[in-house]
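Here is a briefing on a structure. Sequence and coordinates come first, then the points worth checking.

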Protein chains: 2
Amino acid sequence: MAKRPTIHDVAAAAGVSRGTVSRVLNDDRYVSPAAHAAVRRAIAETGYIVNRNARSLVTQRSGSVVMVLSEPHEKVFEDPNYSTTIRTATRRLGDRDVSLVIMLAGDDGDRERVVRYLRGGHADGVLLMSTHAGDPLVDELESMRIPAVACGAVIGKENVIPYAAADDREGARQMTRYLVERGRRKIATITGPMDTPGGIQRLEGFADVLGRKASKKLIEHGDWTQLSGESAMARLLERTPDLDAVFVASDLMAAGALSTLRAAGRRVPDDVAVGGFDDSSVAATTHPPLTTIRQPLAEVAEATVRLLLALIDGAGPVEPVILPTRLVVRESA
Amino acid sequence: MAKRPTIHDVAAAAGVSRGTVSRVLNDDRYVSPAAHAAVRRAIAETGYIVNRNARSLVTQRSGSVVMVLSEPHEKVFEDPNYSTTIRTATRRLGDRDVSLVIMLAGDDGDRERVVRYLRGGHADGVLLMSTHAGDPLVDELESMRIPAVACGAVIGKENVIPYAAADDREGARQMTRYLVERGRRKIATITGPMDTPGGIQRLEGFADVLGRKASKKLIEHGDWTQLSGESAMARLLERTPDLDAVFVASDLMAAGALSTLRAAGRRVPDDVAVGGFDDSSVAATTHPPLTTIRQPLAEVAEATVRLLLALIDGAGPVEPVILPTRLVVRESA
DNA sequence: TTCCAGTCTGTGAACGCTCCCAGAAACATT
DNA sequence: AATGTTTCTGGGAGCGTTCACAGACTGGAA
């Protein structure tokens, strides 16, 4: 295999010096039109491609960004969120010729690897996905002073790590209001884990609307899985048999709730109205199809990347971005 | 911010030369126990981390692998396959301190970027995801002689790009046989796109079992989406109203078929048995829950990565890996 | 003793790029 | 004509590694 052409070869082919080629490459000032054209032609002729390693070695910038996936439990997040964000991030970063490196931060070993990678200066920024409250990684990032943003708030670090997210709280209000408007009187809720922003915010939105009617008795917690939705619904039904609606903080859990209700002989939405959250792909396939809250996943991803790029470019402190949700009415409520 | 320690600093701290430190780092032969210990200690003390750029510059190896996502249509693949493979790959590669870079190859611009990246020598190998028949990228890869494997066969290039995949054909046979054994006489099928391995192989498996009874009349094509499943089912029903079973090549399309059947007043499985494929998360949430074929997604991903690493390590030509599927009986058949 | 093989270490030379500085060339101003 | 200012160019130095080589030091065999 022939050796790849270097900047020297291009310089020789164009009849100029390395310096000039480098200036063209980084479109610096002070290159004559003639030299510029000659270099461009030489680049095309030789098929030259810059060697990022050599460049990074001197510039101390890597031209890449790490996306850290925190996923303590293996299966819990079958989240389409990931795919969407990965896709969006890849595209947007690619537009600027920045590449996306994916790393896991499941256990301490993983985390150590991430830290080593970052301390090694191999990334210009970090994109945090579903990072949990108290994750030690966040403190490390702080001490490294490396640009970092999160997709969804990092609990307890809202003012440290900028983020973009859907308006979970308002979304929950929308659904709860809708249930109230449809004449439901005894509205329960199944929340997500209380150490996730979605878990907390969606419960708060629910409580915002219901006020003191949101009694402890009408609240159950799940862990986003379908199974947890099933059992939470069962507990709710046992405790408050006469409930006539339930707001479930995720579609997957709502699917679980639906099957518990069916098993208990409750008709949906006649006896019990069910509201979901996410507008994920399961929402349309359940029976009956779920009335739910749509999150603008792609826009959230887009905004997250934009924040990160701004940070890398040295923009001062940036503000979190909160994007609106939308009620999608189907048949379950 | 203090400058990061280099190999020189470690050498100084350990009282040895750069060469010796480098030897320890790459655990070369011929390092005295004393020197080894001193270097290890110095590394710990200084918090030294190798600079991969400098290393790659001289070794011509990058320590990273690119995963190329081909996705002509934006939404079609909400595939959990992606998440699983990304996760598995990250983990397995991470074990060897190789990092995973994600790139899109949706349009020509994307593709060009990928090629430039690879030609730039920034990756030691390529992992192809859902690459379609005739993708020009494949030829480029060939000409670059860069190690490449695919997750799922690349049609027409089965002998060029090694791959790991589920046994689609046998899986389709399992399902078809099952339907026959349950006494179904008029069995139709909804296939995936005929330019994907899943589309082709699953139809072949179906035909293997049914022989000449698999008439053109009983075959319809979808594009993996739920909507396409709905309309394909409608066409089937119109053409052959007395069918008593349908094997649908994906769960998502099966969910679509289910709603068409319900709308047409057919009971499932009493009037029409429905078999899906994938055992994806929707399978359990449909009504009735889908009898389907489980693919060992994680194992496929694992095998794909293994193949790639073998190739990178310079193992000779490697054989494709085909992993067994399993029938999962629920209520739809 | 001499010699050799094996073990261990230090150093110069790359790797391919950007940065910086010195200086040439072109043009404008006194 | 002399001077200053701007535009443009070339080349040395250095980024942090690995690699090859030369040399030093061991311990044993001749």
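By class, the surface near DNA strand D holds 12 nonpolar, 10 polar and 3 charged residues. Ala, Val, Leu, Ile, Met, Phe, Trp, Tyr, Cys and Pro count as nonpolar, Asp, Glu, Lys and Arg as charged, and the others, Gly among them, as polar. This is a predicted model: local features need pLDDT of at least 70, side-chain atom pairs count only at pLDDT 80 or more, and totals for chains, interfaces and linings use all residues. Residues are numbered from 1 along each chain as its sequence is written, while chains are lettered from A and ligands numbered from 1 in the order in which they are written.

**Around DNA strand D**

- DNA strand D is surrounded by 25 residues (near: C-beta atom, placed from the backbone, within 6 Å).
- The closest are A:Gly19, A:Ala35, B:Ile7, B:Ser22 and B:Ala54.
- H2 (18–25) and H4 (52–59) of chain A, and H2 (18–25) and H4 (52–59) of chain B, each supply at least two residues of this surface (helices are DSSP runs of H or I, at least four residues; strands are runs of E, at least two; both are numbered from the N terminus).
- H4(B) gives the largest share, 5 residues.

**Sheet in chain A**

- In chain A, 4 strands form an open parallel sheet, ordered E7-E6-E8-E9 (pairing needs at least two DSSP bridges).
- E7 (219–221) and E9 (273–275) of chain A are at the edges with a single partner strand each, so one side of each has no neighbour in the sheet.
- E6 (187–191) and E8 (245–248) of chain A pair in the parallel sense over 4 bridges.
- A:Thr189 stands opposite A:Phe247 in E8(A).
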